[in-house]
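Colleague: I'd like to learn how to read the cross-links and the sheet in a model like this. Walk me through it, one feature at a time.

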Amino acid sequence: MALGKYTRVDGRRSSTSYCSTVTLVVFVALCLIGVWMMTSSSLVPAQSVNLSNQESRTIETKNDLKQPVTENDSRQFEDNPGDLPEEATKGDSDSDTSQDESNLDVKENTNQSDQTTENNVKDNQKEKPAESEKENAESEKTSKTETEIDRDVKTEGGDGESNSEGGETKTEGGEMKTEGQEESKESLEEKKTDSTENENKPETTESSGETKQEDKVEDKVEEKAENKSDDQAKNHASNEVFPDGAQSEILKETTTQNGAFSTQAVESKNEKEAQQSSLPKDQKEQGGYSWKLCNVTAGPDYIPCLDNWEAIKHLHSTKHYEHRERHCPKDAPTCLVPLPQGYKCPIEWPTSREKIWYYNVPHTKLAEVKGHQNWVKVTGEYLTFPGGGTQFKHGALRYIDFIKNSVPDIAWGKRSRVILDVGCGVASFGGFLFDRDVLTMSFAPKDEHEAQVQFALERGIPAISAVMGTLRLPFPGRVFDVVHCARCRVPWHIEGGKLLLELNRVLRPGGYFVWSATPVYQKLPEDTGIWEAMKALTKSMCWKLITINKDRVNQVGAAIFQKPTSNECYERRSQNEPPLCQDSDDPNAAWNVPLQACMHKIPGDTSERGSQWPDLWPARLNKPPYWLKSSQVGVYGKAAPDDFTSDNEHWKRVVTKSYLNGMGISWSSVRNVMDMRAVYGGFAAALKDLNVWVMNVVSIDSPDTLPIIYERGLFGMYHDWCESFSTYPRSYDLLHADHLFSMVKKRCSLLAVIAEVDRMLRPEGKLIIRDDIETIGEVENMVRSMHWEIRLTYSKDKEGLLCVQKSFWRPTETETIMSAIA
């Protein structure tokens, strides 16, 4: 650039001194242009040029706690890097190469900028050299650290998502671009314009990585990526929770295997074939994101597999409560369940144990029928639960202590940790057992006792809709410490005691059966006959009657039996009635397996599950079960006890350093939680100290690890996610799916599964997904189309993390489900 011949705008020739001034101004302008180009191009590898404006934007978050996010929140994906495998850090060298390439591009662009026009010089005359140098230094720091962590930063509104290692770009519509693909000129010009407009905006500290909904009309969610300080970025680069470098073998689903564990599907299939029974399956893939409202007889309370009236009408018999069992429609529905009129966010625990919003569960039949028995009452805009029931009118806690005093060895919260409550009503018994550190799986049918299980779930108490009919309960054998039945009208003694023998299957050897029904303490002819039949049946089953005690205050009595711990009694019986099950009969096979009127033998080998009582709670939570052998291969390829320990430590880190502090979730508003793919139950164990309960679901096509979960003092059930879950709509505050959806979509419609997720989740409830990027993209597009809020999205190494929040939005068009019309 010729300096001596420089001509001013007014036409006059400048003096020599003035030329020097102009020279300095031009030099400053060139520096500023260079800084701008380095900032916009050095933060991503050279091949990912489509993110020119992302690094100058800050992530705006919506914080449930309404408090400022501290710098610690920026470490939401941190973890201990001490045992990082070599391959887990191989991306660093790629980042350095990309950084060098980016610097070369900057130099080329700087040389091109020598052709800058005179107007550009004037526009930049106000900038100071000192500020230029400061910005240059900060830009170099930021570009270095951002490249080191090699992180994908996702923005919305068309900017897309770039994977700095793989060169993948994800648009808002969910389409994936591969490495080497270029954006249109129009898109690049838009990004340059945005970058220019945002160049001088103030920077803010990174929040937890969530997004804040700015435009409610368009339901768009805008995320802005920010530049972090040098110390924060170094911490981030060396300490990641997702993907968890220290446990990378756990997060890689390609490395998982069944190991020593068969699957529930195989177990149940073999058992049903042995019983000459089978369950046909015919799942069809459905597509399209045009959501409609379900038009069904059950309305806002629709449970697809329990409200299949078409199947119920064609049943040959209802003698064994077949009409209360699961009858899933051939094609899982993809419509959305409507909200009750006047629905509000549920009252938080523990207040919810005492009262709930009337309009959330607007059913009064139970209050009218059972109001005098303190089940539930209508009190203004609330439904209240006095804490009693038919059997404990003066309070559940008194009744709970009455049982403990009757048999001190029950030891609530120590020896007895996980119990099954049959015919639970509104589940006050299980709700108050939380005060004794006991976890209760409560169940009752969806029957004329209107909404009893729905009341329980709305209160924040674990419960499922189920009935003891013709099929086994969806639990493994020998897992419950106590089985309880208060005034339940189950005909235990009929048909060879088939139903009581099912409780015998799920009861742990040495466990207790607490029966506080009218035949125990009333002398009416019908009650006396049932009691005599029960005495004879339990004696033939080798159950020992420990005590019959009467509560003088509640005016009820309880008979408490104990299951044997050896086979000696079975062998001494003069008659083999009820018969012992065949050795080939698998007590853990439970998915759609017909009931058998037989008893399984007690394990004789001391190293076999069920031969010993678990450690007292809470010691049993984090200790590998005694029956896990080092010779067995675990789900993730290690020796089973080591596999268990690794999984346990992994989820402790992820939950502590990411879920609890890094997502902006107000955990005080979370009560009902489901882990949709639980494996060893590590996620639930990591939440132990919170006021939450976790339903651990083991898919029928996954390794059967559910017995391990129960051994830890947690609970759960088997399920096939190609079908609806046996729960009411709006049951859960938070759902967690770790590499589940990528597995399920191989067998059935992912769209139907997401519709089921919407059905189970309460409005403003959260869904956390960890899965491959492709699946994350599919799910994100689906929930966006339902107007859910994207709280956080993160991806690296083809693995992704997504946290979303369900909205109150419902579609206006309806779809009639003919099978659900009564």
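Modeller: Start with the link of C305 and C328, which is right-handed, with 110° about the S-S bond. The pair links distant parts of the chain, 23 residues apart: C305 is in the loop between strand 7 and helix 9, and C328 in the loop between helix 9 and helix 10. Helices (H or I, at least four residues) and strands (E, at least two) are DSSP runs, numbered from the N terminus. Bear in mind that this is a predicted model, where local features need pLDDT of at least 70 and side-chain atom pairs count only at pLDDT 80 or more, while totals for chains, interfaces and linings use all residues. Residues are numbered from 1 along each chain as its sequence is written, and side-chain values use heavy atoms, with hydrogens and water left out.

Colleague: How many disulfides does a search of the whole structure find?

Modeller: A disulfide is a covalent bond between the sulfur atoms of two cysteines. Here the cut-off is a pair of cysteine sulfur atoms within 2.5 Å, and the search turns up 6. Counting bonded cysteines along the chain, the pattern is 1-4, 2-3, 5-6, 7-8, 9-10, 11-12. For contrast in hand, take C722 and C748: their link is left-handed, with -90° about the S-S bond.

Colleague: Is C305 buried or exposed?

Modeller: Buried means under 20% relative accessible area, exposed over 50%, partly exposed in between (1.4 Å probe, protein chains only). C305 has 2%, so it is buried, whereas C328, at 25%, counts as partly exposed.

Colleague: On to the sheet: what is the order of its 7 strands?

Modeller: Two strands pair if DSSP finds at least two bridges between them. This open sheet runs 13-12-11-14-15-17-16, with mixed pairing. Strand 13 (463-465) and strand 16 (544-551) are at the edges with a single partner strand each, so one side of each lacks a neighbour in the sheet. Strand 15 and strand 17 run antiparallel, joined by 4 bridges.

Colleague: Which side chain makes a polar contact with the side chain of D421?

Modeller: A polar contact is a pair of N or O atoms within 3.5 Å; within protein, one must be able to donate a hydrogen and the other to accept it, and residues adjacent in sequence count only if both atoms are side-chain atoms. For D421 the partner is H484, at 2.9 Å. D421 lies in strand 11 (residues 418-422) and is buried, with a relative accessible area of 2%.
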